[in-house]
Amino acid sequence: NAKGKSSVMRPIMRSVIVSAKSSGRGKFALLGWLLMIPFFALSFVQAFMTGTAGIYVGVVSCSCGVIMILSLTVAHVDNSWLHLPQDLVGEAGMSEDDVQMTFQGIPMMLLANAVFNFAYSMMLGPFLVQSCQMDLNVGSLSLGGAVFNLGDCLAIIICIPIFEKFVFPGIKRCLGYDATNTQKLMAGFGFAALAMATATLLEV
C-alpha cells in the first residue's frame with residue numbers, strides 16, 4: 001500500500017540527500033537523480049516538435065541524459081558514501097547496508113540499457129532506411145526491408161547454443177575460470193561497437 005511504500009522510500013531518499021551534503025559522490029548522485037525530471041520531460045516534448053526547435057530540445061534532452069548517466073555511474077560505483085541517518089535506523093526494516101545495496105546495480109543497469117538500446121535502435125531504424133537503396137532481389141524472390149530484422153532473431157537462436165556449448169567452455173579452458181556476466185556483457189558491447197563502425201565505413 002501507499003503507506004508501506006512511503007516508509008520504505010523515506011530512509012532511502014533521506015540517506016541520499018543527507019549524505020550528499022558531505023560527499024562529492026553524493027552530490028553527483030543527487031544531480032543525476034534530479035536530471036531525470038528534465039530528461040524525461042524534454043524527451044516527451046521533443047517527440048511532438050519539428051524543425052530547429054525540435055533539434056535544440058533534442059540536444060538539451062540528450063545532454064541531460066548523458067550527464068545523468070555519467071553522474072549516477074560515478075556516484076554509485078562505490079556506495080560507501082551512503083549513510084543512514086540515526087533517526088531512521090530500523091525504519092521499514094532498512095539498515096545502512098540495505099540502503100547501499102539498493103543502488104549497487106545502478107551503474108551496470110544504466111550503461112547496459114543505454115548501449116543496448118542504442119544498438120537496437122540502430123538496427124530498427126537505419127537498417128530499414130538502408131534497405132530502400134539496396135537490391136533486395138534474390139533470384140525470382142523480392143524481399144522486403146524488414147527481412148534485416150530477422151538477422152537479429154536468427155543470430156540469437158543460432159549463436160546462444162554455440163556459445164553455451166563451445167565458446168564459453170573454451171574460454172574457461174584458456175582462462176582457468178568462467179567468464180563473469182560483466183565480462184560477457186562488455187564483450188557483447190565491444191562486438192556491437194565493431195558492427196556499428198563497420199557499417200559506418202561501408203556507408204562512407
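Predicted model: local features only at pLDDT ≥ 70, side-chain atom pairs only at ≥ 80, totals over all residues.
Biologist: Okay, so at what angle do α2 and α3 cross?

Modeller: Helix α2, residues 24-46, and helix α3, residues 51-76, cross at roughly 155°, and their axes come within 7 Å. Angles over 145 degrees count as roughly antiparallel, so α2 is roughly antiparallel to α3.

Biologist: And which residue classes make up that contact?

Modeller: The contact of α2 with α3 has 17 nonpolar residues, 9 polar ones and 1 charged one. As for handedness, α2 passes α3 in a left-handed crossing.

Biologist: What about α3 and α5, how do they pack?

Modeller: Their axes are 8 Å apart, at an angle of about 150°. That makes α3 roughly antiparallel to α5. Here too there's a left-handed crossing, with α3 passing α5.

Biologist: Now α5 and α8: parallel or antiparallel?

Modeller: Roughly parallel. Helix α5 covers residues 106-124 and helix α8 covers residues 181-203, and their axes cross at roughly 30°. Angles under 35 degrees count as roughly parallel, which is why this pair gets that label. The axes come within 11 Å, and α5 passes α8 in a left-handed crossing.

Biologist: Switching topic! Which residues make the nonpolar surface patch?

Modeller: Among them are Val138, Leu141, Leu150, Ile157 and Phe166. The patch is about 1000 Å².

Biologist: Which helix gives the largest share of it?

Modeller: Helix α7, residues 149-175, with 7 residues of the patch.

Biologist: And where does Phe163 sit?

Modeller: Phe163 is in helix α7, and Phe163 is also one of the patch residues.

Key
Residues numbered from 1 in each chain as written. Heavy atoms only, no water. Axes fitted to C-alpha atoms, helices over the stretch in contact; angles between N-to-C directions. Helix = DSSP H or I, 4+ residues; strand = E, 2+ residues; numbered from the N terminus. Parallel < 35°, antiparallel > 145°, perpendicular 65-115°, else oblique. Left-handed = near helix turned anticlockwise from the far one by under 90°. Nonpolar A, V, L, I, M, F, W, Y, C, P; charged D, E, K, R; others polar. Patch = residues over 30% accessible without salt bridge, like charges linked within 9 Å, V, L, I, M, F, W, Y side chains within 5 Å. Areas by Shrake-Rupley, 256 points an atom, 1.4 Å probe, with all protein chains shown as cover. Salt bridge = Lys/Arg side-chain N within 4 Å of Asp/Glu carboxyl O.
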